[in-house]
Amino acid sequence: MNHKKLRVGNQSVINVSLASDISTLEEVVVTGYSVDSRKESTGAISIVKPKDLTTVPSANIEQQLQGRVAGLTVVTNSQPGAGSQVRVRGFGAFGGNEPLLIVDGYPVNSTDFLNPDDIESTTVLKDASAASIYGARAANGVIVYTTKRGKKGAQKLQITYDGLYGVTTPGEGQKMMNPQDQATWTWNALRNSGSQLTHPQYGSGETPIIPDYLKVGDQSGVIGTVDLEAEREKYNITGPEISDFYQVIKANKEGTDWYKELTRNAPIQRHSLGFSGGTEGSRFYVGMSAQNQKGILPSQEATRYALRVNTEFDVFKNFRIGENMQITYNQVLGRQGGNNGLSSSSDENDILGAFRSPTILPVYDEFGGYAGTTALGFGQGSNPIANQEGGKRNRNFNALGMGNLYAELDIIKDLTVRTSIGATFTNFYGWGYGRPIYETLENKGTRWSYNEGGGYRFGWTFTNTINYKKKFGLHGIELLAGQEALNTGSGKNIGADGRNPFAGDIDYITISTLDIRNPAFSVKDNGITFNSYFGRAIYNFNDKYILTGVVRRDGSSRFGANNKYGTFPAVSAAWRISEEEFMKDLSWIQELKIRGGYGLMGNSNNVNPANQYNLYAQSISNSGYDINGTNSGIVNGFRQSRIGNPDAKWETSVTKNIGFDGSFLKGKLDIVLDVWQKDTRDLLYTLPITQTAGSASPPSVNIGTMVNKGIDFLISTKGDITQEIGFELDLSGGFLDNEITYIADGQTYLTDVNPGFRGVNPIRNQLGHSLSSFFGYKVAGLFQTQEEIDSAPTQDGAGLGRFRYVDINNDGKINADDRTYLGSPVADFTGGLNFTLRYKNFELLSYFYTSIGNEIFNISRRFTDFYPLFAGSAISERVKDSWTPDNRDTDIPIFEGNDGFSTGSQASDFYVQDGSYLRFQNLSLAYNLPGNILDKMKISKLRVFGSVNNLFTITGYDGLDPQVAGSADTSFGIDLGNFPVTRQFTFGVNLGL
C-alpha cells in the first residue's frame, strides 16, 4: 500500500484510506499453465484490473476491455446480449480472427456466461513469446481470465454483495422531415424530374395538399370528416382473405417521431453475492449472480443467472486437489442481426425502419390496429413498432454447465506435476412466431407461421503439465512441459417450421398443429479435436538477463493426414538494465527493462473441417437420371458437392516484438512501450474454379499473405496532491496498420466477398489495403452548369446537380475502371484514458475511449437522402441542403426521381464519412464509509456509487453512432441500421461482511 502522512494533533480516531502501491510491473501474469511475475516476463502482456470489468454493465465481459488494453480493439453495439468484435493486434487472416479465450485454464468459445464480479484477474497475451505456449490457437492473441478462489489460512467467512440498478436512455434519432415538408419536397423531386405533379395522398396541382385520412378502405388521400362508427363496422385486419382487409388510417399532421415511439428507457440491474474463506489446508469461493438488461427496443432483453464454485484442498502437504465449476442460465431475446448481433449494423432492421417510416403515418389506425404503408404513396417499409410487438412472443434459452477437476503433486521441492480434466455442456432451445401482416404494402398475409428448434454441445479438455522452478545462486531456471487434448464441442441441432395453425392463439401453436409443415432438419456437429505437446524454458541470470524459449506442436481434426500437425516455436529475451551497477545511482529509476521476441503462432479457425474431403450429395436436378430406361421415373444419383484439399495446413503468423518496460519516481510513473509486426503466411482462401469443375464447392488453399504492424503503449501514474487528495491516471493506446499483401497470382482482390445493399456494392478486400476497405467512385463535386457537363469525361446520366465522378485512369470516360479505394473501417489508433481522483473517502472515476482514422460507409443515406428508392419513404432533413440552382455550395445532389448512374445507385465516397470519435465512456462518484463506522456496524466495506455511462461522444459522423461492427472481418464498417451506444445511469452498492 502507499505510505500516507497525516497530522495527528489531538485526534483519538484517525480514518485512513490507502491506495494500492503495486506498480504495473510488479503485477502477476497468469497464462493458464503457469503464474509468473510480470517483472521477469519477456513477452508483450497486458493486465486489466478487476474493477475495470464492472464499471459499465453489459452482458458480455469483452465489451469492458475496450480502451483498457493497448493493441486490443473492441467493436460492439448496444443490443442486450450482443457479441463483440475483439481483435488483438489487428487481423491475421481473412476470417476466424477471434482471440483464444481461457477461463481458469479451460479454453472456451465465449465468456457471456461469466459474471464480472467473479473475476480475479485478466491477462492479455499479445505476441508469440507470450502466447505461443498455446500454439495453433494463439495467432490472434490469448485472453486469460482467472476467477476468485479465496485464500488459505484460518479466517472467518467473508461475504460480499455487489449490486447496481440503472436505466439506459435511447437518445435522439435522426432528424426527418415533418409531414408538410415531406409533401413539399416530394413535389420538388417530381418537378426536378419533369414528372407530373400527382400523388395518391397529396393530390394533383402546383401545391401538395395534406389529407385528413391516408386510407379509408380502398380510398387514399381523403379530405374531410369520416363517419367512424360506420367505418368501424367494416373494419377488418384478420381476413380470412387479404382482399377482406379494411382500415381507416388518419394522417398525423403533427408528425410521428418514429424513433421516439419505437424506443424506450431500458432498465438494467445486476446483483452478485460472493462467499469466500479458507483454512490452513483449504480455500473456497462461491459466487451467485443475477443480471437483467432490457434494450431500448421493447422486444430486447438479456437475462443471466450464474453460480460459480471454486475450491481447493490440501490432501497432503505436497498434494492438492481442486475444482472450478460454473452453471449459467442465459436468455437473449429480440437480438437482431447475425454474428451475435454484430451484423445488425448492415441489416435493414427496425432501427432503419424508424427512419424509413414517413412522419405523416401514425403508429396505429383509428381502431387500434397497426398503421403502415398499406396507405399508398409511402414506400413499402414495415411498421417497426408492429415488428417489435410481434417479436415479444419469441423465446429462447441457453443453459451451460462447465468445470474442471485438477490435482497437483509436488514430487520434490520445486518440481510439480498437474493434471486437469474439464468439460462443458450447453443446451439451447427456442421458438418463434410470424404474425399475420396487414399494415404494409407488401408481404401481407392472413396466416401465422411458426418455428421451433434446439440442440446441445459437449466439449472436453484434458491437460497434463510438469513444472520445475529453481534458483542456483545467480542462476534461475524454469522448465515447463505439457500435453493437452480437447474437443471444442460435439452435438446436434434439430428444428422444424411451417405455417397455418388451426388457431391464432399462440398457446395452441406447435409444430403438430400446423397445417403446412416443412421438412424437419437436423445437424450433427463433431466439434474440432486438438492434440498438443508443448514446452517452455526460462533462464534467468542474476535477475538481469532473462531468456525464454517456447515450442508447441499441435494437431487438429480440421486438417488432413498430410498436414495435421504444425510446430510453433518462439524465443524472447529481456535485459533488466536497472539491475546493472551503472544504474544504481539513478534513484529515480526503479525498473528499466528492454525485451525482444520472435516466434510463430498458428491459426486454424478459418477453414471448414470438411475442407480436407471430397464430398458427394444427392440432387434430383443435378444427379437424377432415368438410368433404368423406364421413361416413368428417375433414379437419384450422387454429384460431387465439395472438392477436398488434404494438403491444407495451418495459417502461420510470424511475430516480431521489441518492448520497453520502465518504472520511475518510486513507482509513481510506469511506462510500457511495444513496437511490433505480425506477418501472416499461408492464409486459407477459396480460389475461384472453372465452370468445367461442376457445381462442387472449391476447397480452401494456403496461398495469401497479410501484414499487421503497430505501436502499443501504456503510461500509468499515481500520487498524492495533498495529504487528503490522491490520483491515478492510466493512458493506453495502440497504432495499427493492416494490409493484404498477396492473394494469388493475377488476383488483386477477394472475389468471393461482395456484399450488396440495394444495388450498392461498397467493399473490396484488395491488395495494398486493409480488410473490408471501401471501393467505388470518387466524387469530384456536383455538376453546376451544362458547360461543365459538356467538358467533363463522358458519364452516364450526367446532369445538373448530379455527381461528377473522378476519371481515375484519365481515359475520358467514367466506367467501372474508375472505381478506386475510398477508405477503411480499420482505425489507425485506438486508446483509453482512466483517471481516478480521491478525496478522503470520496472517489471520482472517469474513463474516455477514442478511435481515430477509421471510415464508415453510411449506406442508410441511400434510404433517406434519395427520393427514388422506395419513393414516399421518410426524407432526411439533410435534403433541405440539396443542390438547386440557388444552392450550389453543397455536396448533396439534386433531389429528384432518378436512380441512375450519376445519383445514389453507385458506391461512392458520398457515403464514406470519417468515423473517428472520442467518447466519455464513464463518470462515477463513489463514497467509502469510514473505518470507524464500519467497525461499529461490524462490516468490512460499504461503498455506494452513482455512474453515468456514455456521457457524450465527439464525432463528425452524422449517423446514430460511430461505433460500427459487421457480419465478418471482410465486410464491416457498413452503417445501415446501427444500434447506438447511448447514455446510461446506474446506482449501486458494494458491501463486505
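Predicted model: local features only at pLDDT ≥ 70, side-chain atom pairs only at ≥ 80, totals over all residues.
How many of the residues of strand β34 are buried? Of the 14 residues in β34, which spans 651-664, 11 are buried, so the strand is mostly covered, where buried means under 20% relative accessible area, exposed over 50%, and partly exposed in between, with a 1.4 Å probe and protein chains only. Residues are numbered from 1 along each chain as its sequence is written, and side-chain values use heavy atoms, with hydrogens and water left out.

When I say strand or helix, I mean a DSSP run, E with at least two residues for strands and H or I with at least four for helices, numbered from the N terminus; two strands pair if DSSP finds at least two bridges between them.

Let me stay with β34 and its partners. Strand β29, residues 589-603, runs antiparallel to β34 and is joined to it by 14 bridges, with E591 standing opposite S663 of β34. Strand β35, residues 669-686, also pairs with β34 in the antiparallel sense, over 13 bridges, and here F660 stands opposite L673 of β35.

β34 and β35 form a hairpin with 4 residues between them, and in that turn L665 has a positive phi of about 55°. K666, which lies in the loop between β34 and β35, has a positive phi of about 60° although it is not a glycine. Is K666 buried or exposed? K666 counts as exposed, at 69% relative accessibility.

As background, most residues other than glycine have a negative phi, and most peptide bonds are trans. N500, in strand β23, residues 475-501, is a residue other than glycine with a positive phi, near 65°, and N500 is buried, with a relative accessible area of 18%. On the peptide-bond side, G239 and P240 are joined by a cis bond, with omega about 20°, and P240 is found in the loop between α3 (228-234) and β15 (248-250).

That brings me to the sheet that contains β15. Three strands form this open sheet, in the order β14-β13-β15, with antiparallel pairing. Its edge strands are β14 (219-222) and β15, each pairing on one side only. Strand β13, residues 213-216, pairs with β14 over 3 bridges, and V216 has Q219 in β14 as its bridge partner.
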